[in-house]
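Subject: Structure handover

Hello,

Here is the structure we talked about. Please open it and follow along with the notes below.

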Amino acid sequence: MTLNNAVQLIAYADRLGGDLPGLARFLGRDEIASAFGGVHVLPFFTPFDGADAGFDPVDHTAVDPRLGSWDDVRDLARTHDVVVDLIVNHVSAGSAAFLDVRARGEESTSYPMFLTMSSVFPDGAREEDLARVYRPRPGLPFTALRLGNRLRYVWTTFTPQQIDIDVRSEQGRAYLSSILDAVAGAGVRLVRLDAVGYAIKTAGTTSFMTPETFAFIEDFTAQARERGVDVLVEVHSYYRRQIEIARAVDLVYDFALPPLVLHALYTGDGTVLVDWLRERPRNAVTVLDTHDGIGVIDVGPDQTTEAGEAERPGLLSPAQVDELVRGIHERTGGASALATGGAASNLDLYQVNSTFYDALGRDDSRYLAARAIQLFTPGIPQVYYVGALAGTNDVALLERTGVGRDINRHYYTPEEIEADLARPVVRGLLALCRFRNTFPAFDGDVDVALDGSRLTLVRRGVAVPDAVATLVVEVATGATHISWESPHGSGATDDLVGQPPG
């Protein structure tokens, strides 16, 4: 299966269009229609508004009827590449299967589907065994729950409402196969394996991106391909691990790109960014923003290094990472600090919660310079719905919910959408997306150069070899120049806000 070489939108159906038909109407608007060739619809399963905004499904094979139906997903798939989340690590504590286990314990036929501490450590665990387990937040990944008539330590990597699956059990495999069948039947082109790095627990290891995890990803990818579905792996981890993952799957996220773009635009030094652009996997989905925060673990040193092992440095040093985080907090007027780390109910302490627009101080020119770098980087670009509308931090929503990531998960009203689509920075971004989708220079690789603070990216067409698009960004000032030439015409612009390409 071949995905469109076009920009994709990432969106919650309920927070942008109200429901799945509303999202389809948004994508069909004249201002939007040619800007996005695909759409990653964030969890629309039952319930879409659970403990983790849909990432804790009670029924992963059912569309929440408040949002629509599988027919609505099929309708989207007729006009766009549709990407959906396949949550392989856990299900809701309110799922029918786990409720039966709560009631009947080991007598439940669903009992083998769920992991307990003794599932992984049948002979017990020493302190060092538990300390070795890698987790995206402080504390041990267990919740004490009564299963039948016994109190057990149930494996809960993220929250007590999200119960980890034994994906190697017969019941776990059948469960995941049923989800694949449901999404493939709806015409879904790509599944995003959410939190797959934590899916396999192996005693004596970190239980994160181990050889057993890679084997699971390879096996699951084969099952998906049999159904005509490609696989996008979602893992926030050490950058060399991402390169390794990319060799085994269809697509991997380039989570290092967002912090490196910010680092370059903050410091005026594009050296690390250029080095990464030359080394990074080409079978990547490029992002600057998602429904989660801006990752910093992806550019820092390896967090899974064990005692006695040599440290593995990151793309940025710890001091540079700290400076990057401080830079985000300063440019957001402290709003991101209110939403990050221990300041709010965060699952991921290695991410900074902020919109990307606010992380660049609401500077329209620098924001479009960052987007241009993303769109000129090889891969499939995805733009988060808040970023597509150059959204600002929703501090009011953060204050209401106390959930850090909600600062970048705004609920848009129709009036807000109309107002934002009229803003020059949004019109400029949508024009950049249309240019990326239609100009025939973006099916090949990229040539990268750095002269002082002047970053140059050149894309040359494969199907149309005479098509060339050139991006020049002064990372010290944000000044940006784009020029293009093909057999059908040429042009140039120094003003992405007022005169975007196209």
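Gln-382 touches Gln-8, Ile-10, His-40, Val-83, Tyr-253, Val-285, Thr-286, Val-287, Arg-371 and Gln-374, leaving aside residues up to four places away in sequence. Contact means heavy atoms within 4.5 Å. This is a predicted model, where local features need pLDDT of at least 70, side-chain atom pairs count only at pLDDT 80 or more, and totals for chains, interfaces and linings use all residues. Residues are numbered from 1 along each chain as its sequence is written, and side-chain values use heavy atoms, with hydrogens and water left out.

Gln-382 lies in strand β16 (residues 380-384). Strands (E, at least two residues) and helices (H or I, at least four) are DSSP runs, numbered from the N terminus. Gln-382 counts as buried because its relative accessibility is 0%. Buried means under 20% relative accessible area, exposed over 50%, partly exposed in between (1.4 Å probe, protein chains only).

Now strand β2 (residues 38-41). Gly-38 and His-40 on one side are buried, and so are Val-39 and Val-41 on the other. Two strands pair if DSSP finds at least two bridges between them. Strand β1 (residues 8-11) runs parallel to β2, joined by four bridges. Gln-8 has Gly-38 as its bridge partner in β2. Strand β5 (residues 81-87) also pairs with β2 in the parallel sense, over four bridges. There, Val-39 stands opposite Val-82.

Last, Ala-222. Ala-222 sits in helix α8 (residues 211-226). Ala-222 is partly exposed because its relative accessibility is 37%.

Best wishes
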